[in-house]
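Please prepare a short report on helix packing and aromatic ring pairs in the structure shown below.

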Amino acid sequence: MAISMYSASVPVFTRTLGQLAAWLDKAEAHAQAKKFDTSVYLAARLAPDMLPFTKQIQIACDAAKFGVARLAGVESPRFEDNETSFADLRERIRKTVAFVNSVPASAIDGTEDKDITVPRRDGNIVLKGEFYLKHYVQPNFYFHVTTAYALLRHNGVELGKGDFLGTLS
């Protein structure tokens, strides 16, 4: 039996976003222990030309919510991209999880061959649903989640593979 489009998207996104929220807790505890403000993390970058930590979380959330919305053919909630604190980032993650969990499996399953239009700066592209999920949404989602993880690790937060993967039971 093939896995469903729903099982390959919503539970994966919600689980990983939950891990991301837990990293914020660890980062906050690290900052408190070292006596610095968590706002230091918000602008963190590994290179001058990369997007900062806050933007990594915003884009990871957007990848999940737009991915699910486009597959299901529903409107995605609009977020203002104005997060300025860990509390704001947690709220964005919470709203993203709430939205993707609100989309029923029946709206996503069977979308493997659905044409999905992806707006891009250089012009729209059209991808089939399964290709869109596997080769556009998921890699984009994991790229930004992993970058957020790397930024926290780079700044001394004690995270390991177990924090990334979460409990595997």
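Helix α1 (residues 10-34) packs against helix α4 (residues 86-102) at an angle of about 165 degrees, and their axes are 10 Å apart. That angle makes α1 roughly antiparallel to α4, a label for angles over 145 degrees. Axes are lines fitted to C-alpha atoms over the stretch in contact, with angles from 0 to 180 degrees between N-to-C directions. Helices are DSSP runs (H or I) of at least four residues. The model is predicted: local features need pLDDT of at least 70, side-chain atom pairs count only at pLDDT 80 or more, and totals for chains, interfaces and linings use all residues. Residues are numbered from 1 along each chain as its sequence is written, and side-chain values use heavy atoms, without hydrogens and water.

| α1 | Val10, Thr14, Leu17, Leu20, Ala21, Leu24, Asp25, Ala27, Glu28 |
| α4 | Phe86, Leu89, Arg90, Ile93, Thr96, Val97, Val100, Asn101 |

By class, this contact of α1 with α4 has eleven nonpolar, three polar and three charged residues.

Aromatic rings pair if their centres lie within 6.5 Å, and the count comes to nine aromatic pairs. The rings of Phe13 and Phe141 have centres 4.8 Å apart and planes at 65 degrees, so this pair is edge-to-face (planes over 60 degrees apart). Phe13 lies in α1 and Phe141 in helix α6 (residues 129-154), so the pair ties together parts 128 residues apart in sequence. Both Phe13 and Phe141 are buried, with under 20% relative accessible area (1.4 Å probe, protein chains only). Ring pairs also link Phe36, Tyr41, Phe53 and Phe86 into a cluster.

Conventions
Helices (H or I, at least four residues) and strands (E, at least two) are DSSP runs, numbered from the N terminus. Angles under 35 degrees count as roughly parallel, over 145 as roughly antiparallel, 65 to 115 as roughly perpendicular and the rest as oblique. Contact means heavy atoms within 4.5 Å. Ala, Val, Leu, Ile, Met, Phe, Trp, Tyr, Cys and Pro count as nonpolar, Asp, Glu, Lys and Arg as charged, and the others, Gly among them, as polar. Rings of Phe, Tyr and Trp (its six-membered ring) pair if their centres lie within 6.5 Å; planes under 30 degrees apart count as stacked, over 60 as edge-to-face and the rest as tilted. Buried means under 20% relative accessible area, exposed over 50%, partly exposed in between (1.4 Å probe, protein chains only).
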